[in-house]
Amino acid sequence: MQTVDQFDFSGKKALVRVDFNVPLNDSFDITDDARMMAAVPTILKILKDGGSAILMSHLGRPKGGPNPAFSLNHLVDHLGKITGAHIHFASDCIGEDAISMAQSIKPGEILLLENLRFYDEEKSGDADFAKKLARYGDIYVNDAFGTAHRAHASTSVVASSFGNQKCFGYIMANEIANANKVIAEPAKPFVAIVGGAKVSDKLLLLENLMQVADTILIGGGMAYTFVSALGGKIGTSLFEADRVELALELLEKAKAKGVKLTLPADSVCADGFTNDGGLLTCSSDSIKDGWMGLDIGPKAVEAYVSEILNAKTVLWNGPMGVFEFSNFENGTKSVAHAVADATSKGAFTLIGGGDSAAAIKQFGLKDDVSYVSTGGGALLEYFEGKELPGIAAINAVVK
Ligand code: AMP
C-alpha cells in the first residue's frame with residue numbers, strides 16, 4: 001500500500017483530496033470538526049517535509065452551481081488553527097486564480113480550494129475537470145475514505161494524471177488496514193453483528209460476511225423479515241415482503257457453510273412507533289397484532305453478549321433497535337458495552353456504519369473499541385467485496 005510515508009514532499013506540491021464535509025450550524029460555525037481533525041496528520045506530514053498542500057473537498061449537497069451556504073471559506077480559520085499553517089483560499093476550485101495561487105504557494109503553506117461540488121463535473125467524474133484539478137500538484141494524495149466508493153473527478157479520475165506519484169493519506173491507509181483485519185485475516189472466532197432498519201440494505205454484506213464470519217448476530221428492524229420468512233408472527237414490525245425468498249436463501253447458505261446466523265429470541269415491542277406508548281416483551285416470532293418489535297429483548301441480549309465476549313474479532317454494523325428512543329436503546333447499549341468489554345479482553349473490534357458509530361458515541365464508548373470507521377457507505381461497500389474506485393485508482397500501477 002503506497003502511503004504518504006513513502007514520499008518526501010520537500011519542495012513538492014501535494015494535491016490532497018480530503019473529506020471536510022463537516023456539519024455547520026445556521027451561523028456557519030463548525031459543530032463537529034472530527035473529519036478535519038482526522039486529516040491533520042496527513043497534512044502535517046506534507047508540510048513538515050517541506051512541501052505545500054493544496055486541499056480539495058466537497059461540503060454538503062449544493063445544487064446548481066456556487067452557493068455561499070456551502071462554501072469552504074467557512075472552514076478557513078479553523079483549518080489555520082488546527083494546522084498552525086498559513087491558509088490561502090481559492091474561491092473557485094478551477095480557473096486562473098486557483099492556478100496562480102497554486103503556483104505561488106510556499107513550502108509549509110496550505111491552499112484550500114472552494115467546494116468541488118459547485119461543479120457537476122465533480123460527481124460525473126468528468127475527465128477534463130479532473131485534468132484541471134491535476135495541474136495544481138506534483139503528487140496526488142487521497143485521504144477521503146468517506147467518498148472512496150464514488151468514482152468522482154477528485155476521488156479517482158484525477159489519479160490517472162499523476163503516473164505513480166500518488167498515494168493514500170493516513171486516514172485511508174488506516175481504514176483499509178483495519179477493514180482488512182476483519183475481512184481478510186480475522187482472528188477467530190469472528191462475530192459479526194448486523195442490524196439496522198432494512199434487510200435489503202444489508203443483503204450483500206451478509207452474503208460476503210458469510211465467507212469469513214463464524215457467527216452473525218442479527219438485530220434491528222431487518223430481523224423481522226427473517227422471523228416472518230420462517231413462519232413467525234411479527235405484528236406490525238418492519239417487514240420487506242419482496243426479500244422473504246432471499247432471507248430464506250441466506251439462512252440456507254449459512255447452514256450449508258456452518259455459519260451460525262442468529263435471530264433475536266425475543267423482542268421489546270411497542271403499540272406504535274413512539275417512545276411513549278405501551279411496552280411489552282415477547283418471543284420475536286409471536287408478536288401480537290398491532291404491536292411492533294423495536295428492540296431485541298433480554299434473552300437475545302444475553303445470548304449476543306455471550307457470543308461477543310467469546311470473539312477475537314468483532315464487526316458491528318447497524319443498531320439492534322430504535323436506540324434513539326430510550327425505551328428501545330437497551331439492546332444497542334448492551335451490545336456496545338459487550339463490544340467494549342471484548343476489546344479490553346484482547347479482541348479486535350471495528351465499528352462501521354453511520355448509526356453504529358453514532359450509537360457507540362452516544363454511549364460514551366468510542367475510545368473503548370479498536371476502531372470506529374469514518375466511512376459509512378464506503379466501508380459497507382468494502383465489506384460487500386466491491387472494489388472502491390478511490391482505492392483502485394491509487395493501487396493501479398502505471399508501467
Ligand atoms: P440503518 O441505517 O439501516 O443502519 O438503520 C438505522 C435505523 O434503523 C435507526 O435509525 C434505527 O432507529 C432503525 N431501527 C433499528 N431497529 C428498528 C426496528 N426494530 N424497527 C424500526 N426501526 C429500527
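Reader: Taking a salt bridge as a side-chain nitrogen of Lys or Arg within 4 Å of a carboxyl oxygen of Asp or Glu, how many are counted between domain 1 and domain 2?

Author: The count between domain 1 and domain 2 is zero. This is a predicted model, in which local features need pLDDT of at least 70 and side-chain atom pairs pLDDT 80 or more, while totals for chains, interfaces and linings use all residues. Residues are numbered from 1 along each chain as its sequence is written, and side-chain values use heavy atoms, without hydrogens and water.

Reader: Where do the domains run?

Author: Domain 1 covers 4-173 and domain 2 covers 186-383, with bounds from an automatic or database domain assignment.

Reader: And how far apart are their centres?

Author: Taken over C-alpha atoms, the centres of domain 1 and domain 2 are separated by 36 Å.

Reader: How many residues are in contact across the boundary?

Author: Six residues of domain 1 are in contact (heavy atoms within 4.5 Å) with eight residues of domain 2. Together the two domains bury about 530 Å², this being the accessible area (1.4 Å probe) lost on putting the two parts together, summed over both. Carbon and sulfur atoms carry 63% of that buried area.

Reader: Which residues of domain 1 lose the most area to domain 2?

Author: Phe145, His149 and Ile171 do, and together they account for 76% of what the domain 1 side buries.

Reader: Turning to pockets, how much space lies in the largest one?

Author: The largest pocket holds about 930 Å³. On a 1 Å grid over the protein atoms alone, a pocket is an open set of points with protein on both sides within 12 Å along at least five of seven lines, a cavity is a set where a 1.4 Å probe fits but cannot get out, and lining residues have an atom within 4 Å of a point. Points are joined across faces, edges and corners, and a volume is the space filled by probe spheres set on them.

Reader: What is the volume of the second largest pocket, and what lines it?

Author: The second largest pocket has a volume of about 460 Å³. It is lined by 32 residues, with Gly196, Ala197, Lys198, Gly221 and Pro319 nearest its centre. Strand 14 (292-296), helix 12 and helix 13 each supply at least two lining residues, and strand 14 has the largest share, with four.

Reader: How many cavities of 30 Å³ or more are there?

Author: A search of the whole structure finds one, and the space in that largest cavity is about 90 Å³. Its lining consists of Asp19, Arg35, Ala38, Ala39, Asp143, Ala144, Phe145, Gly146, Ile171 and Thr374. Helix 1 gives the most to this lining, with three residues.

Reader: Back to salt bridges: how many does the structure hold?

Author: The structure holds 10. One of them pairs Lys188 with Asp214, with the closest N and O atoms 3.3 Å apart. Lys188 is in the loop between helix 6 and strand 7 (190-194) and Asp214 in the loop between helix 7 (203-209) and strand 8 (215-218), so the pair ties together parts that are 26 residues apart in sequence.

Reader: Which peptide bond is cis?

Author: The bond from Lys188 to Pro189 is cis, with omega near 0 degrees. Pro189 belongs to the loop between helix 6 and strand 7.

Reader: What is the phi of Phe28, and where is that residue?

Author: Phe28 has phi near 65 degrees, a positive value in a residue other than glycine. Phe28 sits in the loop between strand 1 (13-17) and helix 1.
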